[in-house]
Amino acid sequence: MAGILFLRKSLTSFHGLQTVSTYDTSRSNASVANIQQAYQAMLAQQQAETEKLALYRAAVDAARLAEWEFHNAVLAMKEVVRGQYGSDSDQAQAVGLKKKSNRKRPTRKKSIAVAS
């Protein structure tokens with residue numbers, strides 16, 4: 001946020017300088033030509049940044065889509081393995097599925113009567 005504030009103030013100062021027709025300096029880094037050149041360079045870099053951000057966001061979206069497609073393909077493969085070899089097979093376990101015989105059966109919790 002502080003970066004935006006100093007830039008906004010610098011732009012205001014630059015635009016204000018354009019109304020001062022008698023401005024002249026011997027300092028080359030403070031000359032109107034140098035300030036205008038720095039301004040144009042800043043605009044070019046901001047444009048490059050915006051373009052690269054757009055490419056980055058597109059790359060992020062493409063990566064997320066590829067991740068979902070990979071995940072869905074793996075889920076489909078697991079369904080095929082389960083259907084082809086069975087839910088209790090070593091092949092099912094090899095692809096990350098839990099063997100049906102290794103699953104714990106749910107146990108009932110005995111309710112405790114509360115004496116009042």
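This is a predicted model: local features need pLDDT of at least 70, side-chain atom pairs count only at pLDDT 80 or more; totals for chains, interfaces and linings use all residues.
A salt bridge is defined here as a side-chain nitrogen of Lys or Arg within 4 Å of a carboxyl oxygen of Asp or Glu. Residues are numbered from 1 along each chain as its sequence is written, and side-chain values use heavy atoms, with hydrogens and water left out.

Two salt bridges are present in the structure. In one of them, arginine 64 pairs with glutamate 67, and the closest N and O atoms are 2.8 Å apart. Both residues belong to helix α2, where arginine 64 and glutamate 67 are separated by three residues, about one turn of the helix. Helices (H or I, at least four residues) and strands (E, at least two) are DSSP runs, numbered from the N terminus. Arginine 64 is partly exposed because its relative accessible area is 41%, and glutamate 67 falls in the partly exposed class at 43%.

The salt bridge between aspartate 90 and lysine 99 has an N to O distance of 2.6 Å. Aspartate 90 is exposed, with a relative accessible area of 51%, whereas lysine 99 counts as buried at 16%. In general, side chains of opposite charge can pair when their charged atoms come close.

Serine 89 is placed in the loop between α2 and α3 (90-94). With a relative accessible area of 8%, serine 89 is buried. Its side chain reaches the backbone oxygen of glycine 86 at 3.0 Å.

Tyrosine 23 is found in the loop between α1 (2-17) and α2 (32-85). A relative accessibility of 33% makes tyrosine 23 partly exposed. Together with Val20 and Val32, Tyr23 forms a nonpolar surface patch with about 220 Å² of accessible area. Patches comprise residues with over 30% relative accessible area and no salt bridge, like charges being joined within 9 Å and nonpolar side chains (Val, Leu, Ile, Met, Phe, Trp, Tyr) within 5 Å. Accessible areas come from the Shrake-Rupley method with a 1.4 Å probe, and for residues only the protein chains shown count as cover.

Glycine 83 is located in helix α2 and is exposed, its relative accessible area being 67%. The C-alpha atoms of glycine 83 and arginine 8 are 64 Å apart in space, and the two residues are 75 residues apart in sequence.

Notes:
Buried means under 20% relative accessible area, exposed over 50%, partly exposed in between (1.4 Å probe, protein chains only). A polar contact is a pair of N or O atoms within 3.5 Å; within protein, one must be able to donate a hydrogen and the other to accept it, and residues adjacent in sequence count only if both atoms are side-chain atoms.
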